[in-house]
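Hi,

Here is the structure I promised to pass on. Have a look at it first, and then read my notes below.

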Amino acid sequence: MAAAAARVRAGVRAGVRAGVRARRGARLSAAALLALPALALLALTAGGGGEGRPGSPPPPPLPLPPGLREELRQRRRDLRRLAAGGGEAAAGGGLGCGDLSLATGVSVLGWGFTKVVARAALAGGGAVALKSVHGAGREVRQCLQRYGAPAGCRRLAAYKLLKEVTLLQRLQHPGIVQLHGQCYDSSGDSEIRVTAMLELGSPLEMIQLLQTPWEERFKICLSLVRLLFYLAHSPLGSIVLLDFQPRQFVMVDGNLKVTDLDDASTEELSCKEDNDCTLDFPTKSFPLKCSVVGKCEGINEKKNLFNAYRYFFTYLLPHSAPLALRPFLSDILNATGDLRYGINETLRAFEKVLHLYKSGLYLQKRPLHLKDYISLKGFRMVEGEDYKCWPSYSHLGCLLSVHSAEEAAAICNSQSQCQSFTVTQRRTWTGRPLALFQSSPTGLIPDANAVVYIKRSASSGERL
């Protein structure tokens, strides 16, 4: 493991050194950034190699095994098709080789089948994620075992990174990491280096997410559904995430974003009859229809949706949800687990739950509890360590999202330790206030914008 990590770090440092060689100016224009995949495509097609002297013919490419040549042709066609696809390409923020050469504090975050990801600090402030080809990764190693052609195998892996760059330029959505720039270098040796500079996020930790309040987990699922809706109707057509795993996502400022698109595909399975269109998963299979144009109808959309169900919805949606919303959430789980819903119906169902939750319409008619409390306007309770509840927004005490003071009173009545609560000025992403529940109605301090609610039974026995 240590040796592998050392090889990865060496590869990242080589990518940064390539940025120094390829600097040729501090910043590339937007037009130049958009042209980089096409330039890289030409170089990859030509077989790489150094720049050579001006006016001299390029060195002849080394002969590649026929199987490797065919794989390169397939990836080249895929890249060209994406580059010529619908929609306008974004400029990607304008970072280029000059910015890469000035980056500091480069540290490896992780690596996978094809790529290595590092964190780097920019000279002008801020940080980015750097993606480059993992020269010792499994994709290159397996290619070497098949063909024994190092330069061609690195070129094959480089196509996947260029494909991801192209998709990030074409697809613009809050649920997709932003491309801040890229550096392409083919000088100095036979290896062509491509480094993508992306929005920096933190890994998605499912165990930690299970310990967060339901409202935050619902936000993640809703964000995912909105992303899948966009992918189903993207400018490039319906897109499937072939390697759909939680590890392909990151959190950026509390928002879920997909960060790995090199295994995304716009191709839908071809068919001649319905029997050709079975969507298989480890525990379930779904028969689909073969369309008149010879494609399995909605297979990309449905594959994404069922993966969202099995990796996200089943874990994050039901636990500790408000009682009145659980029937709606059960409907979503059942309908997506059986693929009775498509992405359009799933998004409508999620938006309905969001509306019920934000508006307070989910609250069932029940006895009024606020009458059991006295209110002290212009005061709040001193915040400190107190009794815990789950799932709380604070590890020091019981801090929960509420729709109103009436709902907070009902929650306080349901907790034997609760004697008082304050509806704070802090808000969640839905706009709902956070209420702090406490076991003792002592420690009042002035606050013109606050109101403390104290149980009448507690106030009669305490000196306020």
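**What I found**

Let's start at one spot: Pro 391 sits in the loop between strand S13 (373-381) and strand S14 (398-401). A cis peptide bond, with omega at about 0°, connects Trp 390 to Pro 391. A word on the labels: helices (H or I, at least four residues) and strands (E, at least two) are DSSP runs, numbered from the N terminus.

Before going on, some ground rules. This is a predicted model, where local features need pLDDT of at least 70 and side-chain atom pairs count only at pLDDT 80 or more, while totals for chains, interfaces and linings use all residues. Residues are numbered from 1 along each chain as its sequence is written, and side-chain values use heavy atoms, with hydrogens and water left out.

**The big picture**

How many helices and strands does the protein have? There are 13 helices and 17 strands. Of its 464 residues, 48% count as buried. Buried means under 20% relative accessible area, exposed means over 50%, and partly exposed is in between (1.4 Å probe, protein chains only). The protein exposes about 22,200 Å², and carbon and sulfur atoms supply 54% of that. These areas come from the Shrake-Rupley method with a 1.4 Å probe; for residues, only the protein chains shown count as cover.

Now for contacts, meaning heavy atoms within 4.5 Å. If you take those between residues at least 6 apart in sequence, 70% join residues at least 24 apart.

**Rings**

Searching the whole structure turns up 16 aromatic pairs. Rings of Phe, Tyr and Trp (its six-membered ring) pair if their centres lie within 6.5 Å; planes under 30 degrees apart count as stacked, over 60 as edge-to-face and the rest as tilted.

One of these pairs is Phe 313 with Phe 350, which is tilted, at 5.3 Å centre to centre and 45° between the planes. This pair links distant parts of the chain, as Phe 313 is in helix H9 (residues 299-316) and Phe 350 is in helix H11 (residues 343-359), 37 residues apart. Phe 313 counts as buried because its relative accessibility is 0%, and Phe 350 is buried too, at 0%.

Phe 421 and Tyr 453 make a stacked pair, with 4.9 Å centre to centre and 15° between the planes. Phe 421 is in strand S15 (residues 420-427) and Tyr 453 in strand S17 (residues 444-455), so the pair ties together parts that are 32 residues apart in sequence. Phe 421 has 0% relative accessibility and counts as buried; Tyr 453 is buried at 15%.

Which residues form one aromatic cluster? They are Trp 214, Phe 218, Phe 313, Phe 350, Tyr 357 and Tyr 362. Over the ring of Tyr 357 you'll find the charged end of Arg 432, 3.9 Å from the ring's centre. For that label, NZ of Lys or CZ of Arg has to be within 6 Å of the ring centre and within 35 degrees of the ring normal.

**Two helices side by side**

Two packed helices are described by the angle between their axes and the distance between the axes. The axes of helix H8 (residues 214-232) and H9 come within 11 Å and cross at roughly 175°. H8 and H9 are therefore roughly antiparallel to each other. Residues making the contact include Trp 214, Ile 220 and Leu 224 of H8 and Leu 305, Phe 312 and Phe 313 of H9.

Axes here are lines fitted to C-alpha atoms, for helices over the stretch in contact, and angles run from 0 to 180 degrees between N-to-C directions. Angles under 35 degrees count as roughly parallel, over 145 as roughly antiparallel, 65 to 115 as roughly perpendicular and the rest as oblique.

Ser 320, in the loop between H9 and helix H10 (326-337), has a positive phi of about 60° although it is not a glycine. Is Ser 320 buried or partly exposed? It counts as partly exposed, at 27% relative accessibility.

Leu 339 is in the loop between H10 and H11. It is not a glycine either, yet its phi is positive, at about 55°. Leu 339 is buried, with a relative accessible area of 9%.

Enjoy exploring!
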